[in-house]
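Visitor: Hi! Could you walk me through this model in plain words?
Guide: Happy to; here it is.

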Amino acid sequence: APIPEPLRILFFVLNVLGVSVTAFLLLQYFVLQREAELGRSESLLLNILPRPIAERLKRDGRVVAQAHPDVTVLFADVVDFTPFAERTPPERVVGILDEIFSEFDRLADRHGIEKIKTIGDAYMAVAGLPTARPDHAAAAADLALEMQAALERLSRDLAVELHLRIGMASGPVIAGVIGRRKFIYDLWGDTVNTASRMESAGVAGRVQVTQATRDRLAAEFELESRGRIAVKGKGELEAFLLVGRRATGGAARSVHSGA
């Protein structure tokens, strides 16, 4: 018997709707997949660059360079890590560094400080860019003291004996993105070089700063003078060791390990 006309129309409509629904669902799937891929790409980019720099690079598609008149640069180095690595299995070496630097990343994020890079067992960060802030030296000092305390705690937890040497300097820098493949956001200028020298000429378990940084910290922090010390490539410079934040009544609250 022939199929009644109303029933044929219903089958036709259902068939068309089925194709449409399938096409709609496939389209939605591809849209969601694309959005997920863009989200992953955005997340990876923000792991490499500060958000304002990433947005500018995406918008302009060219080299980003900015002068920052007043920031504080921090260099931290795990003392004698190379001989430790030579006598330690590779997996443990990498695992320990990952534990340490992941904790430093967390602390830097909490203080609103920009991590620049790690170089072997050294860690570089800067306070006061890409967005300027008047308390950049104090923020870097707080971070440095907490990094020292964190390494002490991690050394106990990981059953190793490691110490951190930190140097800081304040002043102008140039910041920018260089390269096209594996590009990096980096800093240049005398302030960067001086911060690095403060670290290399510093004391294990302590935070050493320049006169310029000391001047920015004196109202809130206690510091010890080291006098003039020989600094490679710069002659003799006044250097100071950071003790801690001044507590109520003028005493310093210290979190550094012993020298």
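**Helix packing and the core**

Guide: Let's begin with a helix pair: R92, I96, E99, I100, E103, F104, L107, A108, R110 and H111 of helix 4 meet A139, D142, L143, E146, M147, A150, L151, R153, L154 and L158 of helix 5. Contact here means heavy atoms within 4.5 Å. Helices are DSSP runs of H or I with at least four residues, strands are runs of E with at least two, and both are numbered from the N terminus.

Visitor: Before we go on, what kind of model is this, and how are residues numbered?
Guide: This is a predicted model, in which local features need pLDDT of at least 70, side-chain atom pairs count only at pLDDT 80 or more, and totals for chains, interfaces and linings use all residues. Residues are numbered from 1 along each chain as its sequence is written, and side-chain values use heavy atoms, with hydrogens and water left out.

Visitor: Thanks. At what angle do helix 4 and helix 5 pack?
Guide: Helix 4 (residues 90-111) packs against helix 5 at about 150°, and their axes are 10 Å apart. The axes are lines fitted to C-alpha atoms, for helices over the stretch in contact, and angles run from 0 to 180 degrees between N-to-C directions. That angle makes helix 4 roughly antiparallel to helix 5. The cut-offs are under 35 degrees for roughly parallel, over 145 for roughly antiparallel, 65 to 115 for roughly perpendicular, and oblique for the rest.

Visitor: Is the crossing left-handed or right-handed?
Guide: Helix 4 passes helix 5 in a right-handed crossing. A crossing is right-handed if the near helix is turned clockwise from the far one by less than a right angle, and left-handed if anticlockwise.

Visitor: Which residues touch the most others in the largest nonpolar core?
Guide: That core has 42 residues, and M147, L162, I166, M168 and L217 touch the most other members. Helix 5 (residues 136-158) gives the most to this core, with 13 residues. A nonpolar core is a set of buried Ala, Val, Leu, Ile, Met, Phe, Trp, Tyr and Cys residues joined through side-chain atoms within 4.5 Å.

Visitor: What does M147 touch?
Guide: Not counting residues up to four places away in sequence, M147 touches L74, A76, F104, L107, Y123, L164 and I166. M147 is found in helix 5 and counts as buried, at 0% relative accessibility.

Visitor: Switching topic: is F81 buried or exposed?
Guide: F81 is buried, with a relative accessible area of 4%. F81 lies in helix 3 (residues 81-86). Leaving out residues up to four places away in sequence, F81 touches V93, I96, L97, D121 and L162.

Visitor: And D80, where is that?
Guide: D80 is in the loop between strand 1 (65-78) and helix 3. D80 counts as exposed, at 59% relative accessibility. Phi of D80 is near 55°, a positive value in a residue other than glycine.

Visitor: Which residue with a positive phi follows helix 5?
Guide: A159 follows helix 5, with a positive phi near 60°. A159 sits in the loop between helix 5 and strand 4 (164-178) and is exposed, with a relative accessible area of 68%.

Visitor: Where is the cis peptide bond?
Guide: The bond from L129 to P130 is cis, with omega near 0°. P130 is in the loop between strand 3 (122-127) and helix 5.

Visitor: Last one: how many helices and strands does the protein have?
Guide: The protein has 7 helices and 9 strands. Of its 259 residues, 39% count as buried.

Definitions and conventions
Buried means under 20% relative accessible area, exposed over 50%, partly exposed in between (1.4 Å probe, protein chains only).
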